[in-house]
Every structure is written in structure tokens, then in C-alpha cells.
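Before turning to the details, please look over the chain from one end to the other.

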Amino acid sequence: MTNKAKFLAAAFGVLAVGVIIWSVYSVPEAPVVQENTEKKVMTYDGNTISEEKNGRKLWEITSEHMEVDVKTQDITMSGITGHFYAEDGSVAELKADNGVYAGNSKDVKLTGKIKVTNSDGAVLTCEEMQWLNEKEILAAIGKVRAAREDVFLTADRVESSDGFNKVKAKGHAHIEKNEEKAKEMAKDMLAEQTGGKADE
């Protein structure tokens with residue numbers, strides 16, 4: 001695998017595990033049922049769902065508000081915060097404004113101020129993130145920027161597939177090794193996503 005592929009795989013790998021598993025196990029408890037003439041909807045506020053394997057927590061996702069279509073199992077979410085825990089001890093935090101889970105296809109789409117930060121200092125931002133279940137592709141879409149240590153990347157779209165062994169950056173893709181620029185980009189990305197300004 002090339003250095004570029006390794007860098008991109010690191011940005012997506014820990015997030016992908018949580019998204020894949022979450023798309024299968026997304027049934028929270030204690031719903032409030034609302035009925036109308038078109039569909040039956042369960043709503044949840046401040047609900048957290050999580051998954052463990054062999055006694056180790058893999059991920060947890062909290063949504064400020066969630067609505068589940070009882071018939072289709074489609075889920076709409078807002079105010080999303082997720083944590084994903086890698087075997088090496090690193091933790092990635094995901095934040096997104098909104099999300100949709102398709103019950104039929106098991107595809108996931110996140111939108112609005114998407115930010116992924118890893119405990120090793122890596123940062124990724126984009127306008128939209130998708131998990132395409134059938135093709136097993138995780139894609140960051142729209143003004144994608146990633147920074148880690150001395151490497152930074154910009155592209156229109158970044159895809160990871162084949163068990164995250166294949167990574168492609170598409171559309172105005174640029175990757176550069178420059179420690180100062182990488183640090184500055186990471187600082188600016190964090191400030192933009194929180195509505196603040198980077199420290200001078």
C-alpha cells in the first residue's frame with residue numbers, strides 16, 4: 001500500500017468500523033410512538049446506542065433527536081456525536097448535524113459540518129459522508145480536507161473500499177507532506193467546525 005493509501009486508510013478505518021456495525025445494530029429502547037394517517041414513527045431524544053465485542057466497546061453514537069419509521073426502519077437523526085474505539089487504544093470522535101439511515105439498503109448518509117478527530121491528532125472534515133452498504137464503500141464528499149502529522153489532503157471526494165485496502169481521492173485531489181501546513185490546516189479545520197477562529 002502506498003503512503004497516500006495508508007494515510008487515507010488511517011483517516012477512514014476507525015470510523016468505518018463503527019458505521020458498519022451501527023448500520024446493523026441501530027434499535028434503541030423506550031420509544032415514543034406517534035401515529036398519523038401516513039406512517040407510524042418512533043421518536044427519541046438524547047438517545048445513545050453502542051456496540052461491544054468480546055467485552056470491548058467498539059463505538060457509541062448519541063443523537064439529540066431521532067425518528068424511526070416503523071414500517072421501513074428508515075431513521076433520521078440530528079445533532080450527532082459518535083465515538084469509535086480502535087484496538088490500539090486510539091479514539092475517533094465524529095460530529096455531524098444530520099444523518100439518514102436507509103432501512104432497506106442499510107446505507108448511511110451524514111450531512112452538515114462533518115468533523116472526525118482522532119486521538120492521534122488526525123482531523124478530517126467534509127460536507128457529506130456516505131456508507132454504501134452493498135458496495136462496501138465509505139465516502140467523504142464535498143470539500144474534503146484531512147490532516148495528520150506532517151501530511152495534508154484536499155479533494156472533492158475520497159473513497160475507501162475492499163476492506164479499506166483501496167483508497168481513492170477524486171476531483172482536484174492534492175496531497176502534500178509539509179508539517180507546518182498540516183498543523184495549520186488541522187487548526188483551521190477544528191476552528192471552522194466549531195464556529196470559532198484559529199488561535200494566532
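**From overall make-up to single contacts**

Of the 200 residues in the protein, 42% are buried, where buried means under 20% relative accessible area, exposed means over 50%, and partly exposed lies in between (1.4 Å probe, protein chains only). This is a predicted model, in which local features need pLDDT of at least 70 and side-chain atom pairs count only at pLDDT 80 or more, while totals for chains, interfaces and linings use all residues. Residues are numbered from 1 along each chain as its sequence is written, and side-chain values use heavy atoms, with hydrogens and water left out.

The protein has two helices and 11 strands, these being DSSP runs numbered from the N terminus (helices: H or I, at least four residues; strands: E, at least two). Along the sequence they follow the pattern α-β-β-β-β-β-β-β-β-β-β-β-α. Among contacts (heavy atoms within 4.5 Å) with a separation of 6 or more, 41% are between residues 24 or more positions apart. The exposed surface comes to about 11,000 Å², of which carbon and sulfur atoms supply 47%, as computed by the Shrake-Rupley method with a 1.4 Å probe.

Consider next the strands around S6. Strand S5 (residues 91-101) pairs with strand S6 (residues 108-118) in the antiparallel sense over eight bridges, pairing being assigned if DSSP finds at least two bridges between two strands. Val-100 has Lys-109 of S6 as its bridge partner, and in this hairpin, with six residues between the strands, Lys-106 takes a positive phi near 65°. S6 is also joined by eight bridges to strand S7 (residues 123-132), again running antiparallel; here four residues lie between the strands of the hairpin, and Gly-121 in the turn has a positive phi of about 100°.

Leu-110 stands opposite Met-129 in S7, and both belong to the largest nonpolar core, where Leu-110, Ile-114, Leu-124, Cys-126, Met-129 and Val-158 touch the most other members out of 32 residues. Strand S3 (residues 56-69) gives the most to this core, with five residues. Apart from it lies another core of seven residues, including Val-123, Phe-152, Met-185 and Ala-186. Such a core is a set of buried Ala, Val, Leu, Ile, Met, Phe, Trp, Tyr and Cys residues joined through side-chain atoms within 4.5 Å.

Finally, Leu-190 lies in helix H2 (residues 179-194) and is partly exposed, with a relative accessible area of 33%. Leaving aside neighbours within four places in sequence, Leu-190 is in contact with Lys-115, Thr-117 and Val-123. The C-alpha atoms of Leu-190 and Thr-125 are separated by 8.7 Å, although these residues are 65 apart along the chain.
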